[in-house]
Amino acid sequence: MTTYGVTPEGFVRPRLPEIRVEIIDAMRSNLRAKGLPSDIETRPDSVMGVLIDTFADREAALWEMGEGVYYAMYPGSAVGASLDRAVSFSGVRRIEAEKSRAYVVAYGVPGTVVRRGAQIRHRSTQNIWETTADVTISAAAAADVRIVPAIQNNATYTITIDAEPYSYTSDATGTIGEILTGLMGALSTSGLQVSSDGASIRLVSTMTLGVNVTLSANLSFSDVGSAVLAETIDAIPELADVGDLDTIITLTDGWTRVSNLQVGAVGRLEETDQELRARYRLGVFRFGAGTLPSIGPNLLNDVPGIVDIRVFQNSTDAVDAEGRLPHSIHVIVDGGIDDDIAAAIY
């Protein structure tokens, strides 16, 4: 006789025909034990057959429920909420749906406040994005500025960035071209992206969200932009390439234009059961926050928008074949916001 239930081979569930046969055998055995005739009619279209089938169906449903409870304990077989609970014992959790995110630069009159929730349109998809915080357009938090010099002979032009001055002194026959070239040379060590259109100098902050820029009296701003994080209204995977977020929907006095200078982080839908099971084997390393196998799972768990991640280590005393410095960690990430990734690695 087959043993059903939790066995050394796993969970064994009887099928409906097997349950029906066992009910019939049990009824006949009980009738004989009471001294009653056991020659009963068990055809499905008989009264007794209908009773047997009724109880067999209910017993089969209970066995199916028991089997479901048994398999709901294991990540390899659980689904839905049961899978969430099964993987939670080792600190793994399902990645929730994430909004697409990107830093945009709001340009306009210095002092203008763009309120949280101000809406922007994606030029290709026409989807709506919105800012996640208030931002004040200001040279004190400049992400992108254009600076125009007044042509003066034997004059010193000074651009101060985060309290560090960068100066150029024109000669007795100064021209716009010479002044711009001299200032660009002085700013080459500022850590900003420096360019010129022949009439002005453009400074773009690429390493931080913004810098404090002040000018000498013979320089003036022709354009000022400050950065703020924007995200899709719904949790959808949408790529915002450079310049895609360029249309203002929420009109604000003094806010003249908007653009994203960096590629945004693509959002995602909620992680599926299949994706969660595939990640589970790596997610268990998340508790060892300082070990090499744990860095990737922690970053994937903590930073929205990451599509894929690889972590390498050079534990030797010399530069390795790939150019990694001695005793260094090298993280390669696809997706996510640079500042978020850097903060999480740190």
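# Reading strands, loops and a pocket

Visitor: Where does arginine 123 lie?

Guide: Arginine 123 is in the loop between strand S5 (119-122) and strand S6 (128-131). Helices (H or I, at least four residues) and strands (E, at least two) are DSSP runs, numbered from the N terminus. The model is predicted: local features need pLDDT of at least 70, side-chain atom pairs count only at pLDDT 80 or more, and totals for chains, interfaces and linings use all residues. Residues are numbered from 1 along each chain as its sequence is written, and side-chain values use heavy atoms, with hydrogens and water left out.

Visitor: Which residues does arginine 123 touch?

Guide: A contact means heavy atoms within 4.5 Å. Leaving aside residues up to four places away in sequence, arginine 123 touches Val242, Gly243, Asp244 and Asp246. From leucine 51, arginine 123 is 72 residues away in sequence and 68 Å away in space, C-alpha to C-alpha.

Visitor: Why does arginine 123 count as partly exposed?

Guide: Buried means under 20% relative accessible area, exposed over 50%, and partly exposed in between (1.4 Å probe, protein chains only). Arginine 123 counts as partly exposed because its relative accessibility is 44%.

Visitor: Now a sheet. In what order do strands S10, S9 and S13 stand?

Guide: Strands of a sheet pair through backbone hydrogen bonds, either parallel or antiparallel. Two strands are taken to pair if DSSP finds at least two bridges between them. Here 3 strands form an open sheet, ordered S10-S9-S13, and the pairing is antiparallel. S10 (164-169) and S13 (213-215) are at the edges with a single partner strand each, so one side of each has no neighbour in the sheet. Direction ignored, neighbouring strands of this sheet are turned by 20° against each other on average. Axes are lines fitted to C-alpha atoms, for helices over the stretch in contact, and angles run from 0 to 180 degrees between N-to-C directions.

Visitor: How many bridges join S9 to S10?

Guide: Between S9 (residues 156-161) and S10 there are 6 bridges, and the two strands run antiparallel. Threonine 160 has proline 165 as its bridge partner in S10, and threonine 156 has threonine 169. S9 is also joined to S13 by 3 bridges, again antiparallel; in S13, leucine 215 is the bridge partner of isoleucine 159.

Visitor: Is S9 enclosed or open, and what is the reason?

Guide: Of the 6 residues of S9, 5 are buried, so the strand is largely enclosed by the rest of the structure.

Visitor: Which residues near S9 take a positive phi?

Guide: In the hairpin of S9 and S10, with 2 residues between the strands, aspartate 162 has a positive phi near 50°. Alanine 163, in the loop between S9 and S10, has a phi near 70°, positive although the residue is not glycine. Its relative accessibility is 68%, so alanine 163 counts as exposed. Asparagine 154 sits in the loop between strand S8 (144-149) and S9. Asparagine 154, not a glycine either, has a positive phi of about 50° and is exposed at a relative accessible area of 56%.

Visitor: How are the two faces of S3 covered?

Guide: In a regular strand the side chains alternate between the two faces of the sheet. In S3 (101-108), Arg101, Tyr103, Val105 and Tyr107 on one side and Ala102, Val104, Ala106 and Gly108 on the other are all buried. With 8 of the 8 residues buried, S3 is therefore largely enclosed by the rest of the structure. S3 is joined to strand S14 (residues 219-232) by 7 antiparallel bridges, and to strand S16 (residues 255-259) by 4, also antiparallel. Alanine 106 stands opposite serine 226 in S14 and has valine 258 as its bridge partner in S16.

Visitor: What is the volume of the second largest pocket?

Guide: Rolling a probe the size of a water molecule over the atoms shows where empty space is left. On a 1 Å grid over the protein atoms alone, where a 1.4 Å probe fits, a pocket is an open set of points with protein on both sides within 12 Å along at least five of seven lines; lining residues have an atom within 4 Å of a point. Grid points are joined across faces, edges and corners, and a volume is the space filled by probe spheres set on the points. The second largest pocket has a volume of about 300 Å³. It is lined by 17 residues, and Ser205, Thr206, Thr208, Leu261 and Gln262 are the closest to its centre.
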